[in-house]
Structure formats: C-alpha cells, structure tokens
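Thanks for coming. I will walk through one model today, beginning with a single residue and then widening out. Please have a look at the sequence and the structure first.

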Amino acid sequence: LAPATADQLESRSQQAPPASQIVKRLLEKPLIQRLCGLGMHWFCLSYGFYGFYVWGPTYLELRGFHREKSYTTLFISYAFQIPGKLVASYLVDKVGRRPLLILFSIGCCLSICSISYSSGQMMTTLHTYVLYFNTAALWSLTYAFTPEAFPTFCRTTTMGICSMLGRVAGILVSAVGGALIAQSAGAAMVSYAIAYGVCGTVVFILGIDMTGVPLGEVNQSVEMDELRLTSSDGLCQKDKE
C-alpha cells in the first residue's frame, strides 16, 4: 500500500471526533462495560504478575532457597516466557482470544497455588517455570484482545486507560505485596491467585471474542450490543409496569 499523503493525513485528523464526544460515547453502554471490565483485567493481571516479579525472591528465600538460588530460579524462569509467547501466538487465531485468556488465567492461578503448596524446592522451581510460561501467554493475548474490543474512534484512548490501570497496580503491589508478605507469605500468594482468577472471570463475563472479525466491524459489534441492552432494558421496564 502507498503511504498516505499530507492531505490525506490532514483530512483524517479533521474527521477525528473531539475529546468531549469520545468521553460521552465511552460513558454509554456497552463501551463503559467493556472499559470497566478490561480495566479490571489489566489491573488484576499487573497486580498478580508484578507481585510475584517483585516479591518472588523474598518468598523463595522464606521457603528455604538461598539468595543466589532464588534469583537464579527466577532468572531461568524468564526464559520460559519465550515458549509461552510462541504458544499464544500460534493458538490465538486457531482457538480464539477469549477461551485462551480464560485458560491461561486459570493456569496462572493454579501455578501460584501450586507454588504455595509445593513441598520441596524442586517442585517449587518447576511450578515457577510454569507460572512464567502462563503469564507470558496471558500478557500476549491481553495485548491482542484489548484493542479489538473497542471501535476505532476510542481504541487508543481505551488502550491507554487500561495500560494506566496496569501501571497503577504495579506500583500498588510493590507496597501492598511487601506488607502482606511481612505478615504472611501465604496471604500475599493468595492475593496474587485471586487477582489471576478475577482476570479470567472478567473475560468470561464480558463474553467478547473478536477472533477473525476485521477491526472495521467492531463498530457493528458495539451497535448490536447497544440494541441488545436497549431491548433488555425495555423488557425490564414493561415487567415493572
């Protein structure tokens, strides 16, 4: 394709809706539902991921690992992110975004629980590798899933909001995770497991999967959801009468 000319770029910028209109549309159903749901997904994903990323060495030391071995275990576990991303990239268009997001969210939750209940260092190390495999796949799918859930006029705005919430969670867990692990290492791990569980639950409730759907047809998906919500509200109002 030929690159856009200066006149074409200027024409597109003039056609872009003003910020007030974007905000107004975002506050309407179903966009606000999608934004709240995916914002929660990003927040919980960052909370669970950065919680163990920051406080993982401390947790492993509490489980009897030497300091050098705890950092070595986590360093090697980063290599398991590569196959995680490759598997997600291969399956994303074959299986679908939504089922894979739910699957890998469950995988992260179970991995955290397995690390907590592992009886020996070998099993703890193995489950740590599995955790990083799942988190890498989950992040890759989240980056593919989020922009597809919104129409063109607000896609970058919503992506920025979700990313911002993820950063807030990463900052928050740096303090909260430390406070929890000082009281109880198990409590910190439970909070990470719950966060991953919420990730999968939110995606399941939203019921969105744009696999194989061109981005230009996302607007039609939003309009269909609006019609469905409007009709359901009308039926509820009639029932009340």
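Which residues does T73 touch, not counting residues up to four places away in sequence? They are L60, F65, T125 and Y129. Touching, or contact, here means heavy atoms within 4.5 Å.

Before going on, a word on where this comes from. This is a predicted model, in which local features need pLDDT of at least 70 and side-chain atom pairs count only at pLDDT 80 or more, while totals for chains, interfaces and linings use all residues. Residues are numbered from 1 along each chain as its sequence is written, and side-chain values use heavy atoms, with hydrogens and water left out.

Back to T73. This residue is found in helix α4. Helices are DSSP runs of H or I with at least four residues, strands are E runs with at least two, and both are numbered from the N terminus. Is T73 buried or exposed? T73 is buried, with a relative accessible area of 5%. The cut-offs are these: buried means under 20% relative accessible area, exposed means over 50%, and partly exposed is in between, with a 1.4 Å probe and protein chains only. The side chain of T73 also reaches the backbone oxygen of K69, at 2.8 Å.

Two packed helices are described by the angle between their axes and the distance between the axes. For helix α4, residues 67–79, and helix α7, residues 121–148, the angle is about 35° and the axes are 8 Å apart. An axis is a line fitted to C-alpha atoms, for helices over the stretch in contact, and the angle runs from 0 to 180 degrees between N-to-C directions. On the α4 side the contact is made by K69, T73, L74, I76, S77 and Y78, and on the α7 side by Q121, T125, T128, Y129 and Y132. By type, the residues of this contact divide into 5 nonpolar, 5 polar and 1 charged. Nonpolar covers Ala, Val, Leu, Ile, Met, Phe, Trp, Tyr, Cys and Pro; charged covers Asp, Glu, Lys and Arg; the others, Gly among them, are polar.

Helix α7 also holds N134. N134 counts as buried, at 8% relative accessibility. Leaving aside neighbours within four places in sequence, N134 is in contact with F104, G107, C108 and S111.

Next, helix α9. Y196 has its place there, and it is buried, with a relative accessible area of 1%. What is Y196 in contact with, leaving aside its neighbours within four places in sequence? The list is L45, G48, F49, S105, C108, C109, I112, L131, T135 and L138. A polar atom of the Y196 side chain lies 3.1 Å from the backbone nitrogen of F49. Y196 and C44 are 152 residues apart along the chain, and their C-alpha atoms are separated by 6.4 Å.

V202 is in helix α9 too. At 10% relative accessibility, V202 counts as buried. Its contacts, leaving aside neighbours within four places in sequence, are G37, L38, M40 and H41.

V203 is placed in helix α9, which spans residues 185–206. V203 has 0% relative accessibility and so counts as buried. Not counting residues up to four places away in sequence, V203 touches H41, R98, L101 and I102.

Now the whole protein. How many helices and strands does it have? There are 10 helices and 0 strands. Of its 241 residues, 41% count as buried. Take the contacts between residues at least 6 apart in sequence: 83% of them join residues at least 24 apart. The protein exposes about 13,000 Å², and carbon and sulfur atoms supply 65% of that; the areas come from the Shrake-Rupley method with a 1.4 Å probe, and for residues only the protein chains shown count as cover.

That is the end of the walk-through.

How values were computed: Polar contact = N/O pair within 3.5 Å; in protein donor to acceptor, adjacent residues only side chain to side chain.
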